[in-house]
Amino acid sequence: MAHVEPAHLVELALRNTPPTDDDVEALRHVERCDRCRDELRMMTRVVTAARSAELVDLPTAPPERVWQRITQGLSRESAPTRPPPTPLGRRAKRKLLVALALAVVAGAVAAGGVARHMVKRNV
């Protein structure tokens, strides 16, 4: 069997749906393949960290004086001023954190695939 596709590894790490026959086959491959096992382990750690994040883990909005200084600086440049963004709710922050974590995982997987492809071409 070929290596498990990165998108399938992400789905396995998320565990959002009951396992399918394809998942069982992929997990059998993961048991035998160091590369896929390492990638699944890394993705599972990221998903676990994102799901266990608390509000205190998220960045806070800057103080009002920061927005005032930005507005003043932009006013000097004749740019239209915009009000500061409204704070995100807890659910929106959590969704954003999970989306960012998954984007990091996807980027890492893609970069790893490109690097492995380049190494194979040079070998």
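Modeller: An axis here is a line fitted to C-alpha atoms, for helices over the stretch in contact, and angles run from 0 to 180 degrees between N-to-C directions. The model is predicted: local features need pLDDT of at least 70 and side-chain atom pairs 80 or more, while totals for chains, interfaces and linings use all residues. Residues are numbered from 1 along each chain, and side-chain values use heavy atoms, without hydrogens or water.

Colleague: At roughly what angle do the axes of helix 1 and helix 3 cross?

Modeller: Helices are DSSP runs (H or I, at least four residues), numbered from the N terminus. The axes of helix 1 and helix 3 come within 8 Å, and they cross at roughly 45°.

Colleague: Why is helix 1 oblique to helix 3, rather than parallel or perpendicular?

Modeller: Under 35 degrees is roughly parallel, over 145 roughly antiparallel, 65 to 115 roughly perpendicular, and the rest oblique. The crossing is at roughly 45°, which makes helix 1, relative to helix 3, oblique.

Colleague: How many residues of the contact of helix 1 with helix 3 are nonpolar?

Modeller: With 1 polar and 2 charged, the nonpolar number 10.

Colleague: Which helix gives the most to the lining of the second largest pocket?

Modeller: A pocket is an open set of points on a 1 Å grid where a 1.4 Å probe fits, with protein on both sides within 12 Å along at least five of seven lines; lining residues have an atom within 4 Å of a point. Among the lining residues are Leu12, Ala13, Leu27 and Leu40. The most, 3 residues, comes from helix 1.

Key
Helices (H or I, at least four residues) and strands (E, at least two) are DSSP runs, numbered from the N terminus. Ala, Val, Leu, Ile, Met, Phe, Trp, Tyr, Cys and Pro count as nonpolar, Asp, Glu, Lys and Arg as charged, and the others, Gly among them, as polar.
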